[in-house]
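Please keep the sequence and the model in view while reading.

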Protein chains: 4
Amino acid sequence: MAKISPLRSRIARPWRTGTVSTMAADAQRSIDLNADVGEGFGRWELGDDEALLTQVSSANIACGFHAGDPRRLLEVCRIAVANGVAIGAQVSYRDLAGFGRRFIDVEPADLTADVLYQIGALDGLARSVGGSVSYVKPHGALYNTVVHHEDQAAAVIVAVAAYDRELAVLGLSGSGPSRTELAVQAERAGLRFVREAFADRAYTAEGTLVSRRLPGAVLTDPAAVAAQALSIATTGTVRSIDGTAVEIDAESLCLHGDSPGAADLAVHLRAILTGTGMPVASFLPPAAATNRSAADSPGR
Amino acid sequence: MAKISPLRSRIARPWRTGTVSTMAADAQRSIDLNADVGEGFGRWELGDDEALLTQVSSANIACGFHAGDPRRLLEVCRIAVANGVAIGAQVSYRDLAGFGRRFIDVEPADLTADVLYQIGALDGLARSVGGSVSYVKPHGALYNTVVHHEDQAAAVIVAVAAYDRELAVLGLSGSGPSRTELAVQAERAGLRFVREAFADRAYTAEGTLVSRRLPGAVLTDPAAVAAQALSIATTGTVRSIDGTAVEIDAESLCLHGDSPGAADLAVHLRAILTGTGMPVASFLPPAAATNRSAADSPGR
Amino acid sequence: MAKISPLRSRIARPWRTGTVSTMAADAQRSIDLNADVGEGFGRWELGDDEALLTQVSSANIACGFHAGDPRRLLEVCRIAVANGVAIGAQVSYRDLAGFGRRFIDVEPADLTADVLYQIGALDGLARSVGGSVSYVKPHGALYNTVVHHEDQAAAVIVAVAAYDRELAVLGLSGSGPSRTELAVQAERAGLRFVREAFADRAYTAEGTLVSRRLPGAVLTDPAAVAAQALSIATTGTVRSIDGTAVEIDAESLCLHGDSPGAADLAVHLRAILTGTGMPVASFLPPAAATNRSAADSPGR
Amino acid sequence: MAKISPLRSRIARPWRTGTVSTMAADAQRSIDLNADVGEGFGRWELGDDEALLTQVSSANIACGFHAGDPRRLLEVCRIAVANGVAIGAQVSYRDLAGFGRRFIDVEPADLTADVLYQIGALDGLARSVGGSVSYVKPHGALYNTVVHHEDQAAAVIVAVAAYDRELAVLGLSGSGPSRTELAVQAERAGLRFVREAFADRAYTAEGTLVSRRLPGAVLTDPAAVAAQALSIATTGTVRSIDGTAVEIDAESLCLHGDSPGAADLAVHLRAILTGTGMPVASFLPPAAATNRSAADSPGR
């Protein structure tokens, strides 16, 4: 495949000089809430994008490979820009029929090009309404695969770095032995890796997610979800499914946008977090989240 | 749909101040050769992209909606950049099964978003290898439809203008009563419209293309094709199918890249044109054709 | 294209010897209710198939080209068989992104093969659970196009006749000058054409549907819908939007399954029709609707 | 998922009473040649279907999921019927972009429905031109996966058995420890499993295929290919890559139809095999290969 190189202009960004530990310190003063949006397709709706976009600070917007027709994506970008929500490219395997939830043994060179194609497509839509893609989050089976699959993780990172080294990469939190391949590859390429945790998923004592096949894997009680969110955001720990406290170092909390009460839960969560002195804010510095494109285009 | 606005940085470009007649004057000193490339898909090949890219000055690169998987498109972009060939986004209806050759009665708001998505996707790939999209050419049935369909022509132009007002639009030549809707809408939006003619298609006395359903519609004799190309490029006229001379004002000549001898014909045509003192060169100013992205990204 | 011939075994069916007027007479003793089902796709749901399948007598099941993944279609076939609901192949243009609602200028030979492919695919699924396709109904833009487009109407009919001349064709009611091309072609090919009317759409004085772009085109008041259904079923007339009575000769009433209260409306309608001595029953003879496949497979 | 049951009529077929060893005995009197056809898509061609269909006895016809638009498939079915070639459904993962060559971790219930859909679609096309599907062969990554993946192998077999228990299943030869999951599941379900070997692939001493990543994996010399074909067909053995003789029990030889000289190689192979007293003939009994549909439809 082609030798590829970064493509967008570079601007001095003081916040980038911070180390990861500084990031973690930042994370204690505010917390990012992210959710998947734009996941309908043509006639089919999924989730209440408009309501979610009033609560979250980061929107993982589908890019057309697992969901998201261009017209819907354009509209979602417009709402995200209007609400000051950071836009992320939720890149996926090419699999509308499987909603990107099935592992595909795609060659790394294909995956890199597929990811580049998706980022560019969404960024074009976002820029046409005054926004821009500021981070990339793999979706579904790709999300799970890049936790451990070195070649596919590297393929995603090559694409992100080739598109723009200022883009952040959002993925599963994990440290020490459970540090993910995506995080390893991102940091090796000089990209910022943002760790996320789940307010509505049970954790094992090792700090990994309890498999969805096991009972208790998903928290459905809003109070329990809020408590876990608060615990992660304020103490960096979570009560595991067997009762021990485990460290979960996360800068962002992921909400599942397609469950019935998702928007209500988001309102509740945001209120509780804010009320505890932990405001919800993008993990990006204020300017970058909403008007990076303006920074890139001084002449406008 | 969202209110959309231009998105890339604006740089003073003296050549843009020229009027259309100046463009026509320019066109008499050189001629652009364009061809469709990147039109395979996955396992399926079509045409000899690598050979064509050594001869043409403009490459209409598929964007994935009628043809073109991302890996192939990335490779084609790389070759185009290496050869100094201008990159155009060959946007299409979403129709892999029909290769974009079937009219689809798509709503304008959908078409605008589909075109934006395609331009962005190709531009992302192009930029990752040091190039960028510099013009847009509708493909197949969309090409024919925007000649006369006001709503679809406007939908395409809204997308191009929203993406970048510096992008040129390439389409069918036509003046006076046969001026195309695409040209009308492009100029109304302040976009440069580049007229193309066909070296291998017969023209009527009115200056329109002879329908493919009629005998003699397609020229297959290389000498005849070369003669017509030369006539268009040097005199701005062509001998119509009934023997009269008609004016064809064209800045670019389109070669059909998927016919068997396409690459050989391109070599032949380029040699003849150059030999007659009519060098083959992009319709874009020298810098814009190959390193607009560099101009946009001074810090690299 | 290939010369194609009918393909399934022929069984003497006395009801087939009836003339069209006999059919109309039959229609006065019972009325068919049909609705679209199976129109989700993968992750995306649409309508309450399970509830609708307890009320309708005919199920227009999507075939994968505008909606309907195979697993869902298999399940819908199983429920239809369990409920004794006749299975129709709801064939469409190939257009998931547009839900089959956009006209595509497809060549007749392609359309014939596309329709054959869809009927066969659904019939295979239906037969694996003990049912079979007993009629074909074009969907969306194809439904509207075959009202007047001779070549596409003929292409659909060629496919149906080649698959099985016992299949009925369901389409828009219309007589005299408003008789549809699909009806003309179906009867020319010796296929039974079944006329349907709409309980929830306003009619013009000429007996055609009021365009959806005009106010009052769609009836939303359940009482008005029920009244129109009853009027069509029992008197063969309907009150037009300008107040005149127009004849609507219909053997089947179409319910729109994807509107919010669709299932409730179906319950209501069925109760009212039954209560008036107009039972809801398939337009097929009793045996054919549910166990034609058994008739074809005596050895089972 | 639905409980599914066999669907086509059952006819006494004496040849079906034979045991597997009888089959092997049959295989020594003739050999089947199979090749993939119908693998273009829309504008894209692949291989010379028409030439191959004059040489092979079995055609693995694509079903639209990895390749094959309906119009092309209909035409290929027509040619197969005209040439007396047995029609097989070459079922695949849903993956046009990857040509079905990438493993997809699809759920068994989805895979069963996908396979049913594909068999039905192809059978409908075949029946409309007087043929019918008589066997099923998984394609590409699915072919390789069902060698060892119990759930996916079972999912394929459930679909085949539900469609018609008379269908044969064609897959990789292997006995003892290298007997494939597909063979195990097929025989457990009472389906005939037909073993195939490759004339142009090198074998290991264990009787498995040498990985394509190793040198010498693919034989390109026509003489070597013919010699291996002859050896398999007449002696049931093959010279492994390290020189030892290994048993390869095969009733069918697979030719790769998309290599440049495929059609010429087929002519050559057929001539050599026939010349050695080993006629090329379908693994199906004479009647079943070409007019099973006639048997099913006595009234035609």
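Contact means that heavy atoms lie within 4.5 Å of each other. By that criterion, and leaving aside residues up to four places away in sequence, A:Ile119 touches A:Ala89, A:Val91, A:Val133, A:Val136, A:Val160, A:Tyr163 and A:Leu167. This is a predicted model, in which local features need pLDDT of at least 70 and side-chain atom pairs count only at pLDDT 80 or more, while totals for chains, interfaces and linings use all residues. Residues are numbered from 1 along each chain as its sequence is written, chains are lettered from A and ligands numbered from 1 in the order in which they are written, and side-chain values use heavy atoms, without hydrogens and water.

**Barrel of chain C**
- Seven strands (DSSP E runs of at least two residues) form a closed barrel in chain C, in the order β1-β2-β3-β4-β5-β6-β9, with parallel pairing (at least two DSSP bridges between two strands).
- Parallel strands β1 (residues 32-37) and β2 (residues 58-62) of chain C are joined by four bridges.
- In β2(C), C:Asn60 is the residue opposite C:Asp36.

**Helices of chain D**
- Helices (DSSP H or I runs of at least four residues) α4 (residues 108-128) and α6 (residues 150-163) of chain D have axes, fitted to C-alpha atoms over the stretch in contact, that come within 8 Å and cross at roughly 40°.
- The contact includes D:Ile119 of α4(D) and D:Tyr163 of α6(D).

How values were computed:
Axes fitted to C-alpha atoms, helices over the stretch in contact; angles between N-to-C directions.
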